[in-house]
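Dear colleague,

Please find below the structure that I am handing over to you, together with its sequence. My notes on what was found in it follow.

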Amino acid sequence: EQMSNEKKKEKEKAVKVSDKDAEGTVLDYLNKNNRPFSAQQIFENLHGGVGKTQAPKVLQTLADRGAIVAKENGKQKIFWKNQDDAADPDQLREQLEADLARLTEENSRLETKLTGLRGNTVKISEADRKKAETRYSTMRSHWTSRKRKFRDIVGQLGESTGKSVKELLEDIPVETDEDR
């Protein structure tokens, strides 16, 4: 009796997926992976997203509609993405050539900019220079303040432990400016 209750619970856990949802799931899976699969492989790879008996039916329905291609090999049927909608090679080539031209132009523009930066010949505006100097000054003051606070803390720790600052910094894995 306990065994039958467990089987009932397992059956209740199995979620029934509608054929429409299953078709969408299977079609997405085949399009994403773009390789042949059997109905059993689809069932296993979707981890219960489509039922075992539902998978062959859904695959056959999709094949009948022309969304996927099916081929029978003895008793086994395999299914794969319909490749008829693949891009025309000439059209793809034109697109790639256009992309190549655009990227080549962008590359030459960036190379020119890089050459200017390397040669230090690029001029910046007065406003940008002042902005950079102000930011540098602010960051430097923050750094000196933190460095001073760190030195005070290390000094206090040294006094309380009886070690010199140098000995304490050797014991603590801290990188200081003097180490550089």
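The buried residues of helix α4 are Gln54, Ala55, Val58, Leu59, Leu62 and Ala63, where buried means under 20% relative accessible area, exposed over 50% and partly exposed in between, with a 1.4 Å probe and protein chains only. These residues lie on the same side of α4 because they cover an arc of only 160° around the axis, the arc being that of the directions from the helix axis to the C-beta atoms. The face turned away from the buried side of α4 carries the exposed residues Lys57 and Asp64. Among the elements that cover the buried residues are α2 (19-33), α3 (39-45), β2 (68-73) and β3 (76-81).

Please note that this is a predicted model, in which local features need pLDDT of at least 70 and side-chain atom pairs count only at pLDDT 80 or more, while totals for chains, interfaces and linings use all residues. Residues are numbered from 1 along each chain as its sequence is written, and side-chain values use heavy atoms, with hydrogens and water left out.

Helix α4 spans residues 54-65; its 12 residues reach 17 Å from the first C-alpha to the last, close to the 16 Å expected at 1.5 Å a residue. The expected span is 1.5 Å times one less than the number of residues in the helix. After α4 comes Gly66, with a positive phi near 90°.

The largest nonpolar core has 16 residues, of which Val26, Leu30, Ile42, Leu46, Val50, Leu59 and Ile68 touch the most other members. Such a core is a set of buried Ala, Val, Leu, Ile, Met, Phe, Trp, Tyr and Cys residues joined through side-chain atoms within 4.5 Å. Two or more residues of this core come from each of α2, α3 and α4, and α4 gives the largest share, five residues. Leaving aside residues up to four places away in sequence, Leu59 touches Val26, Leu30, Ala39, Ile42, Ile68 and Phe79; contact here means heavy atoms within 4.5 Å.

A search of the whole structure finds one aromatic pair. It is formed by Tyr29 and Phe37, whose ring centres are 5.1 Å apart and whose planes stand at 50°, so the pair is tilted.

In the loop between α2 and β1 (37-38) is Asn34, which has a positive phi of about 50° although it is not a glycine. Asn34 counts as partly exposed because its relative accessibility is 40%.

Helix α5 (residues 89-118) has 30 residues and reaches 42 Å between its first and last C-alpha, close to the 44 Å expected. It is followed by Asn120, whose phi is positive, near 60°.

As to the chain overall, there are seven helices and three strands, arranged along the sequence as α-α-β-α-α-β-β-α-α-α. Helices (H or I, at least four residues) and strands (E, at least two) are DSSP runs, numbered from the N terminus. Buried residues make up 15% of the 180 residues.

With kind regards

How values were computed: Phe/Tyr/Trp six-rings, centres within 6.5 Å; stacked < 30°, edge-to-face > 60°.
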